[in-house]
Amino acid sequence: MRVLAALSGGVDSSVAAALLHEDGHEVVAVTMKLWGGESDTGCCSVSEVEDARRAAAQLNLDHHVFNFGEEFEKHVVAPYVSDHAAGRTPNPCVECNRHLKFDVLLRRAELLGYEAVATGHHARIVTLLDGSRRIARGADTAKDQSYVLYTLTAKELDSVMFPIGEMTKEQVRSHAEALHLRTAAKPDSQDVCFITRASGRAAFLEQRIELHPGRIQDQDGATLGTVSAVEVVTLGQRRGLHLAGGAAARYVVDVDLPTATVTVGGPEGLLCDELELENLVWAADAVEGVMNLQCSAHGASLPATVTLESIGKGPAMVRVQWHEPHRRIATGQSVVMYADLETSTGLEEVVVGGGLVR
Amino acid sequence: MLRSLDGSTDRPSQAVDPSRAQQSDPLFTRADSGLEGFVDLDHAATTRLRPEIAEAMEPFGSLRYGNPSGSHSLARDAVRAVDEAREQIAEIVGCRPSEVIFTSGGTEADNHAVTGGLPARSSTPVCSAVEHHAVLDVVHALGGHTVGVNSDGQIDHADLAAVLNRAAESGAAVGVVSVMLANNEVGSINNLSEVAACIAEASHSQVAGESHIPLHTDAVQAAAWLDLRTAATAADMISISAHKLGGPKGIGALVVRESTPIRPMILGGGQERDRRSGTANVPGIVGFAAALRAVDAERAETNQRVSQLREQLIVGLLESVTGLSETVDRSAQIPGSCHVCIEGVDSESLLLLLEAEGVLASAGSSCASGAQEASHVLTALGIPDDSARGALRLWLGWDSTQSDVDRALLAVPAAVQRVREFGI
């Protein structure tokens, strides 16, 4: 097959490209230049592009750089900022996969006559008995990235490959070492690529929107302190509130932007029985019933009953009823639905869909 | 290189001009790298070393390897080669040999001219808004000012006068005005005599006593096409680079007229009459002079031939591609340049498809990571972002052929159509 391999400059994607090459595919490497600003991971920086280019050269692959900066700004960075301004907690990695890697890049690949796009994600693609494809968890469950890939539909999966999905991170690194790839010992990337750890989320948002100081209160309304930017406080947050010590752990149980008020309380205040999801994406058809739901990139997945409803006369929404009380999830976060389905290689836990918390 | 979309790896073989390829010489064998059979329409980026120049340079890397800063016979041999090259270059540029300072290339020459050397000029530099970054970024770094351009990409004289007057009113002395002879993206030519007259008038009207503001011109793209003896007479400083005219990379010159003060920017052994230290790049200097000589000797013929090819190319494109427009009127350009904007097309996609068909082009300057970036030149020309997104630069050179144009005229319309179909 003619495959376009997305190389970030990290070890996973380098090995993914290597495996395809070893399997006899006709592989061309590409690095997407998404972000021109400051970054910790260096993702998209000249040095990352150079690592990707050199890794491609070591594999004797041609290498291109695609500048998708405008699309990244439009589909990932701008919504990230406006979500925060509206009190939502977005997941930019999900949006980057949704709009950049598996939309813009996929279409670019098709334009150029490639049959598939490959990435270095830790996830597997399995085939159901009806022949349609689904995402299953990566073999390295600690590194599994199926959560951030839930926006891929079965149709898109027909032209996507995750070559390292069957490998552990350790196996990936040793394969890279065996090939003497210069990316072999690079540390894993962390967090949001366009936000530096040193200056943080608030400093980034501050350049684009006005942040508002807020008051912290307990559930009886008594003032406990202040926060410098209420827009970066998230439901369930415990750290960074600078509350007087001594008392039991307190969590953010409510953030009210219009009054700039953060309410904290004990962990019981975070629990809920239900959850509503919108902006749904289904791998194929919408499904209802009992399934396992995962609410963060590396969180546990827990059982719930899922039913479809409509929002007024508008689009479909999912109502999630947890089987055990579950911590509340901030609006804008992605929740991914997994179900055990029969595949060509046996029963597998696969992604059936997902959506954003309303 | 991307493979052709129809799956074939065979490309139509190019009509080979015997003068342009020496198949036996490894320098001219591209088969091993997979780089053969393409059409180079990116001559603004660089040009192919003329075969006779590689030959002229060769002895100075092997037998005649002396350092011209020395005094023994090996050194004297190198001195003579450098002196001769300097004289030849001076003759073609229209300056004295002593006015030629060899540099590592165009960027160094531009930096040197704008800063004036070390320490930096205490006065403010001014340049046109469409200068190469080698000028523009230095002007910005020194807190200078930029001047707008007209729709043909030429510096706006009224704006230049206004900028100079504003600077004078605020008490800031303008140390240099830098205006490129030909633009590296759209090919626009500036009339430097008119620019110099405009500067003289502005500085005369405001300053008590005669105060001459030096005019620098980046002639890096122009030197392959224009006779600098006449086109750059009015410039006090001229930047040239060898690799844009069929010479080697890593060598260029800054011409500084004797009346223009300049300090060194690179200190050390005091070469180039204390104006630029560092051991002379003898093979490069020899190749530079040989390339400039070849350009000068062939200029009339080359310009006429390439103008005709460019005319066919642009007319062919205008006829075959809807929504395609000439960015700058071709009458205002150097013969090799052809820059168009195509509506509803993303340049990056277009270039990748063209490459798959063996046609190498560009959208403008590339950034260090190799990605396509928005062009400050098109912004300064007032081209809307939507049109600038479909920028395509097809730049012909001394070795361009009829078959290059024919292939481009086949490839571009097909690629545009495909990009439009896919909407990306």
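How many Å separate the centres of domain 1 of chain B and domain 2 of chain B, taken over C-alpha atoms? The answer is 27 Å, and I'll come back to those domains in a minute.

First, some housekeeping. This is a predicted model, where local features need pLDDT of at least 70 and side-chain atom pairs count only at pLDDT 80 or more, while totals for chains, interfaces and linings use all residues. Residues are numbered from 1 along each chain as its sequence is written, and chains are lettered from A and ligands numbered from 1 in the order in which they are written.

Okay, chain B. It has 13 helices and 12 strands. Helices here are DSSP runs of H or I with at least four residues, strands are runs of E with at least two, and both are numbered from the N terminus. Of the 424 residues in chain B, 49% are buried. A residue is buried if 20 or more other C-beta atoms lie within 10 Å of its own, exposed if 12 or fewer, and partly exposed in between, with C-beta atoms placed from the backbone.

Now those domains. Chain B is divided into domain 1 (18–50 + 299–422) and domain 2 (54–293); bounds like these come from an automatic or database domain assignment. Where the two touch, domain 1 of chain B puts in 27 residues and domain 2 of chain B puts in 30 residues. By contact I mean that two residues have their C-beta atoms, placed from the backbone, within 7 Å. On the domain 1 side, α9 (282–320) and α11 (376–380) of chain B each supply at least two residues. That side of domain 1 of chain B has 11 nonpolar, 11 polar and 5 charged residues. For those classes, Ala, Val, Leu, Ile, Met, Phe, Trp, Tyr, Cys and Pro count as nonpolar, Asp, Glu, Lys and Arg as charged, and the others, Gly among them, as polar.

Next, a sheet. Look in chain B for an open sheet of 7 strands with mixed pairing, in the order β2-β8-β7-β6-β5-β3-β4. Its edge strands, each pairing on one side only, are β2 (100–103) and β4 (145–147) of chain B. Two strands pair if DSSP finds at least two bridges between them. Neighbouring strands of this sheet are turned by 20° against each other on average, direction ignored. Inside the sheet, β7 (residues 237–241) and β8 (residues 252–256) of chain B run antiparallel, paired over 5 bridges.

After α4(B) comes Gly143(B), with a positive phi near 75°.

Which helix is mostly covered, with 7 of its 10 residues buried? That's α10 (residues 347–356) of chain B. Its buried residues include Glu348(B), Leu350(B) and Leu354(B). Part of the cover comes from chain A, including β3 (63–67) and α4 (92–111) of that chain, and part from chain B, including β12 (391–393) and α13 (402–422). Just after α10(B), Gly358(B) has a positive phi of about 85°.

On to the cores. A nonpolar core is a set of buried Ala, Val, Leu, Ile, Met, Phe, Trp, Tyr and Cys residues joined through C-beta atoms within 7 Å. The largest has 210 residues, and those with the most contacts inside it include Val117(A) and Ile285(B). α9(B) gives the most to this core, with 14 residues. A second, separate core of 12 residues includes Val227(A) and Tyr251(A).

Last stop, Thr168(A), in the loop between β7 (160–161) and α6 (169–178) of chain A. Why does Thr168(A) count as partly exposed? Because it has 16 C-beta neighbours inside 10 Å. Not counting residues up to four places away in sequence, Thr168(A) touches Ala139(A) and Asp140(A). Thanks, everyone!

Key
Axes are lines fitted to C-alpha atoms, for helices over the stretch in contact, and angles run from 0 to 180 degrees between N-to-C directions.
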